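Dear colleague,

My notes on what was found in it follow.

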Amino acid sequence: MNHFPIFVALEGRRVLVVGGGDAAVAKLRLLLKTTANINVVAETFDPVIETWAAEGRVTLIRRAQEPGDALCCVLAYAASEDAALDARTVRLASADGALVNVVDNLEASQFITPAIVDRDPVVVAIGTEGAAPVLARKIKAELEAKLPAQLGLLARIGKTFRKAADVLPMGAVRRRFWADYYDHAGPRAADAGEDAIRDTLGDLLASHVAAEDRPGHVDLVGAGPGDPELLTLKARTALDRADVVIHDRLVAPEILELARREALIIDAGKEGFGPSTAQGDINDLMVAHGLKGAHVVRLKAGDPTVFGRLDEEIEALDAAGLAWSIVPGITAASASVASIGQSLTKRGRNGSVRFLTGHDMKGFADQDWRALAQPGEVAAIYMGKRAARWMQGRMLMHGAAPATPVTIIENASRADQRTIAATLATLPEAVADVTGPALLLHGLAPRRAAQALAQTEIAL
Ligand code: SAH
């Protein structure tokens, strides 16, 4: 980052614009949104600038720039649209102690003005350090469409309530109140006008004060298989609001990045939780933070309802009297099957699909291998790497064809995703060098390989 973004206080301070043409008009339009005292120096001025001067909004100095013009100015703009004149402005204004921007000249500028989305007092600044103005415009257009027009009004009224809201204890409780206002109550009341917003805010504050000592809430959230774009909007909202995030080892770092900046992030996969004590410790963590009033997000890979030990966590929350909810996620099987262009079920092939685990806490997990060995059966096998040889043995014993396709998808949906098209006969060798999380799709080959296979059969 070569340019550090800041918001400069301009109230009662001076800004100098050197130039009287189009470039100066464009900069002045932006600067007139602020409360700065603006001086414009040039020998001639565009009529628009003359009008602003007549309205008392800018002060004109009708001559070439002189040393001292930028004294006491925080910022100066070189907008003469003439390289030599602009260079002179940089020299003189810098000597006067101002930071200088040269219009449309990144290299010569000491600061740059970002693209802005204006919902005053909410202002979003977008900068690309000159790398991609088109991208900046696109982001601006997206944000313009996304941020409600009344956001500024909501924020202005919100500001007048900040003192009143101090009756709520700092931290989670107060944040919940503001989140309620900006996400729900405020936008609902916004169209009814300022008084209605004020009334709503008053009522909301009263209801939050009344509920002040309610315990926290735990969201049991599915983080999906890894690609942040496969998160649900609900999961994103939960992460946005979280005070505490307790996550599994498999949750991708890019997803943790989305948690609220102030949230306490706890890695429940790395802190020495052994298989037997882990769950108890995780339960204790959730309960302890929940009882303190925190909004806890228990973030689990994939879907929390699939091999996620969810019920044990829910029992612990119920026992502690904490409210909870489940936010489903995309399970590894869905991401894996999508990546090979197949379906988990298919008319005429399989009317049911099994999600099974290769091993459980007691060791290799026994399953209905006889049923799985039938032609056309499809199963998504979680945690199947270590049990691969054992599963192969059981299925062959029950008469499965050695050529039954088994596709291994390692790191499904992540940048380092890898697909290995194997068969029941080659499975143990095929998983040997798989180190990341992997899902085995029994009975499915990648679509292109399946086609290749069909063609070979016809040729034979
Ligand atoms: N709740 C998770 C599963 C947890 S069990 C879900 O719904 O996906 C952990 C197992 O899930 C891993 O051993 C692996 O078999 C599978 N898994 C999780 N994420 C995966 C990914 N990105 N790619 C492949 N398999 C994954």
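Is Y382 buried or exposed? Y382 is buried, because its relative accessible area is 10%, where buried means under 20% relative accessible area, exposed over 50% and partly exposed in between, with a 1.4 Å probe and protein chains only.

Please note that this is a predicted model, in which local features need pLDDT of at least 70 and side-chain atom pairs count only at pLDDT 80 or more, while totals for chains, interfaces and linings use all residues. Residues are numbered from 1 along each chain as its sequence is written, and side-chain values use heavy atoms, with hydrogens and water left out.

Aromatic pairs

Y382 forms an aromatic pair with F355 that is tilted, with 5.9 Å centre to centre and 45° between the planes. Rings of Phe, Tyr and Trp (its six-membered ring) pair if their centres lie within 6.5 Å; planes under 30 degrees apart count as stacked, over 60 as edge-to-face and the rest as tilted. This pair links distant parts of the chain, since F355 belongs to strand β13 (residues 354-357) and Y382 to strand β16 (residues 379-382), 27 residues apart. Strands (E, at least two residues) and helices (H or I, at least four) are DSSP runs, numbered from the N terminus. F355 is partly exposed, with a relative accessible area of 34%.

Y77 lies in strand β4 (residues 73-78) and F111 in the loop between β5 (99-102) and β6 (115-119), 34 residues apart. Both Y77 and F111 are buried.

A helix pair

Helix α5 (residues 151-160) packs against helix α8 (residues 194-210) at an angle of about 50°, with their axes 10 Å apart. Axes are lines fitted to C-alpha atoms, for helices over the stretch in contact, and angles run from 0 to 180 degrees between N-to-C directions. The contact (heavy atoms within 4.5 Å) is made by L153, L154, I157, G158 and T160 of α5 and by E194, I197, R198 and L201 of α8.

A loop residue

K292 lies in the loop between α11 (278-291) and β11 (295-300). Its relative accessibility is 67%, so K292 counts as exposed. K292 and H247 are 45 residues apart in sequence and 19 Å apart in space, C-alpha to C-alpha.

With kind regards
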